[in-house]
Amino acid sequence: MQSGAAQSIQSATLSARSVGTPSWKAEYEKTIWESDGEKLLLCIHATEAALFLRWQELGDDSIATEERAAMHAAAADLLAIKLHRLGWPGLES
């Protein structure tokens, strides 16, 4: 399982570098439509890695506010997927 996650992160890294458009969107789309629990976790990891790389690419660029908002929404969706579809425990208030 761990090697699969490493491959997934590596593929997100490669696709983020090779394509001019943000790969996090493509990874996110795969994630929200995945129904297999084991594959879903790999998709989540790939999306998180792609989001992380894109945040690094954007740096302090204030022009990309719309994309940043979409990225924050995607990250919140990933947390909801972990909690509701994978049954992860939530944070206690």
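1. A polar contact is taken here as a pair of N or O atoms within 3.5 Å, where, within protein, one atom must be able to donate a hydrogen and the other to accept it. By that criterion, the start of helix H3 shows such a pair: a side-chain oxygen of Asp36 lies within 3.1 Å of the backbone nitrogen of Glu38. The model under discussion is predicted.

2. Overall architecture. The chain contains four helices and zero strands, and its elements follow the order α-α-α-α from the N terminus on. Of the 93 residues in the chain, 35% are buried. Where contacts in the chain link residues at least 6 apart in sequence, 60% of them join residues at least 24 apart.

3. Nonpolar core. The largest nonpolar core comprises twelve residues, among them Trp24, Tyr28, Leu40, Ile44, Leu58, Met71, Leu78 and Ile81. At least two residues of this core come from each of helix H2 (23–33), helix H3 (37–58) and helix H4 (65–84). The greatest contribution is that of H3, with five residues.

4. Helix H3. With 22 residues, H3 spans 31 Å from its first C-alpha to its last, close to the 32 Å expected at 1.5 Å a residue. Its buried residues include Leu40, Cys43, Ile44, Thr47, Leu51, Arg54 and Leu58. An α-helix has 3.6 residues a turn, so residues three or four places apart point the same way. After H3 comes Gly59, which has a positive phi, near 55°.

5. Thr31. Apart from neighbours within four places in sequence, Thr31 is in contact with Leu40, Cys43, Ile44, Thr47, Leu78, Ile81 and Arg85.

6. Leu40. Which residues does Leu40 contact, leaving aside its neighbours within four places in sequence? They are Thr31, Glu34, Ile81, Arg85 and Leu86.

Technical notes. Residues numbered from 1 in each chain as written. Predicted model: local features only at pLDDT ≥ 70, side-chain atom pairs only at ≥ 80, totals over all residues. Heavy atoms only, no water. Core = buried A, V, L, I, M, F, W, Y, C linked by side-chain atoms within 4.5 Å. Buried < 20%, exposed > 50% of the residue type's maximum accessible area, 1.4 Å probe, protein only. Contact = heavy atoms within 4.5 Å. Expected span 1.5 Å × (residues − 1).
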